[in-house]
Amino acid sequence: PKNSVIVIDEPEVHLHRGIQANLWDVIERLRNDCIFVYITHDLEFAASRTAAKKICVKSFDGTNWDWFEVPDLTDLPDEVLLEVVGSRKPVIFIEGEKGSLDHDIYSLVYPHHTLKPIGSCQKVIDATKSYNEIVEFHNIECIGIIDRDHRDEEQLAFLKERNIYCPDVAEVENLFLIEELLLKVAESLCVEDATGAVNNIKDFVVTLFNDNINEFASKRVAHIVDSKLRNFDGSAIGVEQLKSSLIALNNDIDVDKLFLEQVDFAKNLIQENDYANIIRFFNHKGIVKQVGKYFDIKPSAFVKKSKYLLADESNGLINIVREYLPQG
């Protein structure tokens, strides 16, 4: 009948995912006089109803429904928002995508959380902020985890206040370079001199860091400069004030001094053979691909073996990795 309310229970059933959204789009256009109500567990389909109000049902006790209307948050894609607000477990936004190294490791470390990979670090920051802004709807804890990269302690503290955390290593790949983990892997592979092999890996990492001091210092300075440029006084009015603000900002950025400071910082780490801090500050995703040769195995085998060992709770290795990550 004209002007009907049409309720469709599980509109995705018996339909290939490739045609679900298109089919219902056509039906809605053909009967634009009607109101369509979809009841679905398919979050991708729900997200495809871009102009629709979306209701999340939290519970039903036999008499009363507990539900809320899902807010419209531009920083969070609909599919992601629907998935996390419907979660019964604490939510962690992470970098990368499903199946990435980040996702594999954090799935083992945080088995009682809902992990949602959403791409870049900025997307993680934006998503965590947006999700926590609607905490009154879902009452579920939400944090974000991003790579440490070249952030200083002040920036880390700023992020922590907003429930964004970083591992105690430069990037997730460096978790595989933790000395205790390397030793466990060596022993499990029956390496004849496990300690010697691990020491060779540490020497390799320190040498590689030494060979890349200029690149390291350059990236650190670039990060510092980028951070300082964000302090430009955007409230300046008129040419003279804009010029004055730019001059003040430029005077605060001494690239020569900053570069020398970072070179000295790197050289001190090398001189002290401070392996723990080197993997805390040194970004080089290619290192883990070269570790296997010290154990006489293929490059890919090292990461696979490490993940296999991390999945075995009985050996305690996952607890070592947890010490370098935010406590869940």
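Okay, let's start with two phenylalanines: Phe176 is buried, and Phe302 is buried as well. By buried I mean under 20% relative accessible area, with exposed being over 50% and partly exposed in between, using a 1.4 Å probe on protein chains only.

Quick housekeeping. This is a predicted model, where local features need pLDDT of at least 70, side-chain atom pairs count only at pLDDT 80 or more, and totals for chains, interfaces and linings use all residues. Residues are numbered from 1 along each chain as its sequence is written, and side-chain values use heavy atoms, with hydrogens and water left out.

Now, the rings. The structure has 12 aromatic pairs; rings of Phe, Tyr and Trp (its six-membered ring) pair if their centres lie within 6.5 Å, and planes under 30 degrees apart are stacked, over 60 edge-to-face, the rest tilted. Phe176 and Phe302 make an edge-to-face pair, 6.4 Å centre to centre with 70° between the planes. Phe176 sits in the loop between strand 8 (164-165) and helix 8 (179-188), and Phe302 in helix 14, so this pair ties together parts 126 residues apart in sequence. Helices (H or I, at least four residues) and strands (E, at least two) are DSSP runs, numbered from the N terminus.

Another pair: Tyr106 and Tyr110, both buried. Their ring centres are 6.2 Å apart and the planes are at 50°, so that one is tilted. Tyr106 is among the buried residues of helix 4 (residues 101-109), including Leu101 and Ile105.

And there's a cluster: ring pairs link Phe209, Phe216, Phe265, Phe281 and Phe282.
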